Amino acid sequence: MMHIHRYYDVDIVNGPGTRCTLFVAGCEHQCRGCYNQSTWRVDSGAPFTLELEERLMADLHDRRIPRQGLSLSGGDPLHPHNVPDILRLVKRVRRECPDKDIWLWTGYTLAELNPAQRRVIAEIDVLIDGRFIAAQYDPALRWRGSKNQVIHYLR
């Protein structure tokens, strides 16, 4: 079962517009200078429960605070431990909220993705890939931390 560290039902930092954002546990990259080291272990944080998934879906449907979409970060949503749960979640969001976009941050590059990770990528709109490299850190970059990271608009 996937674990999470934080869920924000209203977020304006991790992608365009107002969003729901989920920070998952588990990261193999362990980049030097990472701002989220507490998320590296897959068993850290709390389990991603069906109750939280239902809350996330209800938040995406809530018209009182129109949300543009879902952002998935971490840790790393594409950590092999997370892929089955992330794939199920993005398919559900795609099916039940076709008007919402899905953004995902990963330390893997697009070229490094295995077939299971590519199934997740097939369901999302935007992928920000690449490990954080402290020497390439640039606070002026939008939606990424270091210059080597690439924003892929997939849809």
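View 1. Contact here means heavy atoms within 4.5 Å. Helices (H or I, at least four residues) and strands (E, at least two) are DSSP runs, numbered from the N terminus. The buried residues of α2 are V83, D85, I86, L87, L89, V90, R92, V93 and R94; buried means under 20% relative accessible area, exposed over 50%, and partly exposed in between (1.4 Å probe, protein chains only). The end C-alpha atoms of α2 are 20 Å apart, which agrees with the 20 Å that its 14 residues should span at 1.5 Å a residue. That expected span is 1.5 Å times one less than the number of residues.

The model is predicted: local features need pLDDT of at least 70 and side-chain atom pairs count only at pLDDT 80 or more, while totals for chains, interfaces and linings use all residues. Residues are numbered from 1 along each chain as its sequence is written, and side-chain values use heavy atoms, with hydrogens and water left out.

**View 2. Strand β4 and its two parallel partners.** Strand β4 (residues 69–74) is largely enclosed by the rest of the structure, because 6 of its 6 residues are buried. Strand β2 (residues 19–24) runs parallel to β4 and is joined to it by 6 bridges; two strands pair if DSSP finds at least two bridges between them. L72 in β4 stands opposite L22. Strand β5 (residues 101–105) also pairs with β4 in the parallel sense, over 4 bridges, and L104 in β5 is the bridge partner of L72. From β4 the chain passes through helix α2 (residues 83–96) to β5 in a right-handed β-α-β crossover.

**View 3. The largest nonpolar core.** This core has 29 residues, and L22, L72 and V120 have the most contacts inside it. A nonpolar core is a set of buried Ala, Val, Leu, Ile, Met, Phe, Trp, Tyr and Cys residues joined through side-chain atoms within 4.5 Å. Two or more residues come from each of β1 (3–11), β2, α1, β4, α2, β5 and α3. Helix α2 gives the largest share, 6 residues. Leaving aside neighbours within four places in sequence, the contacts of L22 include I4, F48, L52, L72 and L89. Apart from this core lies another, of 5 residues, among them W103, W105, V126 and I128.

**View 4. Q117 in helix α3.** Q117 lies in helix α3 and counts as buried, at 2% relative accessibility. Leaving aside neighbours within four places in sequence, Q117 is in contact with L78, V83, Y108 and E112.

Definitions and conventions
A crossover is right-handed if, with the strands pointing away from the viewer, the path from the first strand over the helix to the second runs clockwise.
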